[in-house]
Amino acid sequence: RVMNFSAGPAALPQAVLERARDELLDFRGSGMSVMEMSHRGKPFMAVAEKAEQDLRTLMDIPDNYTVLFLQGGATGQFAAIPMNLANGRGMDYIDTGAWSGKAIKEAQKYGPVNIVASSQASGYDSIPDRASWNLDPNAAYVHYTPNETIGGVEFPEIPDVGDVPLVADMSSTILSRPIDVSKFGVIYAGAQKNIGPAGLTVVIVRNDLLERDKGNVPAVLDWALQAKNDSMYNTPPTFGWYLAGLVFEWLLEQGGLESMGKTNQRKAAKLYQYIDNSAFYRNPVEPTARSWMNVPFILADDSLDGTFLNEADAAGLSSLKGHRSVGGMRASIYNAVPESSVDALIDFMADFENRHA
Ligand code: PLP
């Protein structure tokens, strides 16, 4: 298998894939695949409950939060959030890049959006200074994107927004380190980076927010309805839920998020250090706002981009092409990318630089 630096769907731990392969045809003596089972039967219910328990353990999720396993991706939640929480009231959004932009555009369909702060003027290379934020104390919630997958910009800490519920799109940073869940009203994430296969969406909601007045919300996006039905109002993404459970078990075996956080910080730091020390490569993001998960970099001579990608592929380093909207390169170094792959990438970059600088 190649070293996979894809931004998503992203690499999964080899041990998880091997286990899924071994269980694929006959799931734990049932004589069928987990994909072929009723979601309401005992064997799948056990899978579902264990996955939730393990996620609660990993993230230390307080009891007054509900965990939902839904479909529709993070993009589905861009609509679900205003529908479940705002009911036409004003909503505060922080704009730090492409994904916050998409969340804003969707929310604007459902009510007035106040852009509290934006780093657009500087090309989304930083986090807007907290002192300049124009928060509305009566907003239904404050939404932000802790990690911008395309720009590689990450909030170094959880912003303090007072008593207004904080809503976070954690798609590309969830499970990368410990976080204090109690600081959030809602955390949501598409699974296809650090959780599991695409098609599953995890939503963690503080219970009091399930009680908010709302208008007509489509059943599949109605958090309270899904909570009452244990995420099984309709057929949940059973295979994704099962595989996420295997990833959670793997993370616990690795020592949990404390241990993952240390490894992830070290992986990112050595890659940024190499890039910063080179005149051949450059990362455009302000050092305090650099992502631990997505590391974009550009070559001083962009006519070498194609050669770089071809040679990387030939060396077993896959999916390093930057997002089509920004160009250049991007190395996504999620939990399943081992430190040895980051070392191999740095070695390749150094060798390429020696040959082409
Ligand atoms: N938010 C962030 C930060 C992302 O990286 C992505 C990309 O997958 C999305 C939202 C969109 O997620 P989905 O494709 O699951 O709707």
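Asp 125 is found in the loop between β4 and β5, where helices (H or I, at least four residues) and strands (E, at least two) are DSSP runs numbered from the N terminus. The model is a predicted one, in which local features need pLDDT of at least 70 and side-chain atom pairs count only at pLDDT 80 or more, while totals for chains, interfaces and linings use all residues. Residues are numbered from 1 along each chain as its sequence is written. Asp 125 is partly exposed because 17 other C-beta atoms lie within 10 Å; a residue is buried with 20 or more other C-beta atoms within 10 Å of its own, exposed with 12 or fewer, and partly exposed in between, the C-beta atoms being placed from the backbone. Leaving out residues up to four places away in sequence, Asp 125 touches Ser 119, Pro 284, Val 285 and Glu 286, contact being defined by C-beta atoms, placed from the backbone, within 7 Å. Asp 125 and Leu 12 are separated by 113 residues in sequence and by 29 Å in space, C-alpha to C-alpha.

Strand β8 (166-169) pairs with β5 in the parallel sense over 3 bridges; two strands pair if DSSP finds at least two bridges between them. In this pairing Val 142 stands opposite Leu 166 of β8. Strands β8 and β9 also run parallel and are joined by 3 bridges, with Ile 187 in β9 as the bridge partner of Ala 168. In a regular strand the side chains alternate between the two faces of the sheet. In β8, Leu 166 and Ala 168 point one way and Val 167 and Asp 169 the other way, and all are buried.

Helix α4 (residues 98-107) has Trp 99, Ser 100, Ala 103 and Ala 107 buried. These residues lie on the same side of α4 because they cover an arc of only 100° around the axis, the arc being that of the directions from the helix axis to the C-beta atoms. The buried residues of α4 pack against α3, β3 (91-95), β4 (113-118), β5 (142-144), β6 (147-148) and β8.

Trp 99 and Asp 169 also belong to the surroundings of the ligand, together with Gly 8, Gly 73, Ala 74, Thr 75, Thr 145, Thr 149, Ser 171, Ser 172 and Gly 190; a residue is near a molecule if its C-beta atom, placed from the backbone, lies within 6 Å of it. Helix α3 (residues 73-85) gives the most to this shell, with 3 residues. The shell divides into 2 nonpolar, 8 polar and 1 charged residues, where Ala, Val, Leu, Ile, Met, Phe, Trp, Tyr, Cys and Pro count as nonpolar, Asp, Glu, Lys and Arg as charged, and the others, Gly among them, as polar.

Lys 193 carries the UniProt feature "modified residue: N6-(pyridoxal phosphate)lysine" (unreviewed entry); UniProt positions are given in the numbering used here, feature names are shortened, and annotations may be inferred rather than shown by experiment. Lys 193 is placed in the loop between β9 (186-190) and β10 (201-206) and counts as buried because it has 29 C-beta neighbours inside 10 Å. Apart from neighbours within four places in sequence, Lys 193 is in contact with Gly 8, Ala 10, Ser 171, Ser 172 and Tyr 334. The UniProt annotation "binding site" (unreviewed entry) covers Arg 40, in the loop between α1 (14-23) and α2 (42-59). Arg 40 counts as exposed, because it has 10 C-beta neighbours inside 10 Å.

Definitions and conventions:
Two residues are in contact if their C-beta atoms, placed from the backbone, lie within 7 Å.
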